[in-house]
Each structure stands twice: as structure tokens, then as C-alpha cells.
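Subject: Structure handover

Hi,

Here is the structure for your set. My notes on contacts and charged pairs follow below it.

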Amino acid sequence: MGVEIERKFLVTNDTYKDMAYSISHIRQGYLNRNPDRTVRVRVRDDHGYLTVKGRNQGDTRLEFEYDVPRKDAEEMLLLCENPILDKSRYLVKYEGFIWEIDEFHGRLSQLVVAEIELQASDTKFTLPPFIGKEVTGDPRYYNSSL
């Protein structure tokens, strides 16, 4: 069983860009947006993924992710509900953790969100200088809601 423990924050400035050690392009869509069991298709650079997630319980939920051929993922995106999300993901190492910063494009171009995955809900961590308001558990910021 896969469990994801994740905290999510709004980003207040673009200092993450200079701190990033990796940048990738992501397009993702949803075959199912039911909050009890979302099914996501993602193309990240040259790779495809199919992900099933359970309902959020605070910062925790079930998550199962599988590699699929990129061509298959591209074709599955055609089956997804609109809109298809388009974003750049920056990876930043900060104080022993990896932060994922998603800079959205298109109609969501003003939105930048940072996430940190944790081993346990009570894990202590230091916030990087680009972090603003915490939005963990706020369904308005779930990718499936965007």
C-alpha cells in the first residue's frame, strides 16, 4: 500500500528558480476527479505515469503511481476531463528536504504552489524563503480541482 504524506504552500516570490537543481515540464489530466479516488495521467518530460489517489485525510492519503509508456500517456490525456493542467516543476533541496514547486501555465499562470513530502505528519522542517500561506487540506488547491 502506498501512502503519501504531503504539505502544500502558496509561493510568495521566485527565489526558488535560482535555488532549483532540476526543472521539468508536466502535462496532466484526470480520468476521474472523484475525491474518493482520483485517477491521473501525467506526462513529465519523456515519461508517462498513471496515478490513483484516495481521499485526503489532512496531509495523508493513499497513492499508487505506475510508469506507462509516454505514447500511451499522451493518448490517455485525450480521454481526460478538461482542462489539462500544464506546469513547470522546480525541485529545490532545502535543509535536508526536497521541495517541489509547481508553476502553472495558461489560465492558472498566476498560481505557484510548493509541496513537501514527509515520512510522518509530525516531521519537523524549516520553511524556505519563498514559502507563504499553508494550503494543505484546502480542496481549492488540489490539482484535481484546478
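T126 touches Y94, E95 and W99, leaving aside residues up to four places away in sequence. Contact here means heavy atoms within 4.5 Å. T126 sits in the loop between β8 (112-117) and β9 (131-134). Helices (H or I, at least four residues) and strands (E, at least two) are DSSP runs, numbered from the N terminus. T126 is partly exposed, because its relative accessibility is 38%. The classes are buried (under 20% relative accessible area), exposed (over 50%) and partly exposed (in between), with a 1.4 Å probe and protein chains only.

A word on provenance. This is a predicted model, so local features need pLDDT of at least 70 and side-chain atom pairs count only at pLDDT 80 or more, while totals for chains, interfaces and linings use all residues. Residues are numbered from 1 along each chain as its sequence is written, and side-chain values use heavy atoms, with hydrogens and water left out.

Now the charged pairs. Side chains of opposite charge can pair when their charged atoms come close. How many salt bridges does a search of the whole structure find? The count is 17. The criterion is a side-chain nitrogen of Lys or Arg within 4 Å of a carboxyl oxygen of Asp or Glu.

Three of them in detail:

- K53 and E4: the closest N and O atoms are 3.7 Å apart. K53 lies in strand β4 (residues 47-54) and E4 in strand β1 (residues 3-11), so this pair ties together parts 49 residues apart in sequence. Both K53 and E4 are buried.
- E75 and K71: the closest N and O atoms are 3.1 Å apart. Both belong to helix α2 (residues 70-77), and because they are 4 residues apart, about one helical turn separates them. E75 is partly exposed, at 43% relative accessible area. K71 is exposed, at 59% relative accessibility.
- R89 and E100: the closest N and O atoms are 3.6 Å apart. R89 is in strand β6 (residues 81-94) and E100 in strand β7 (residues 97-104), so the bridge ties together parts 11 residues apart in sequence. R89 is buried, with a relative accessible area of 4%. E100 is buried too, at 18%.

Finally, the network. Salt bridges with shared partners join E4, K53, R61 and E63 into one network.

Best regards
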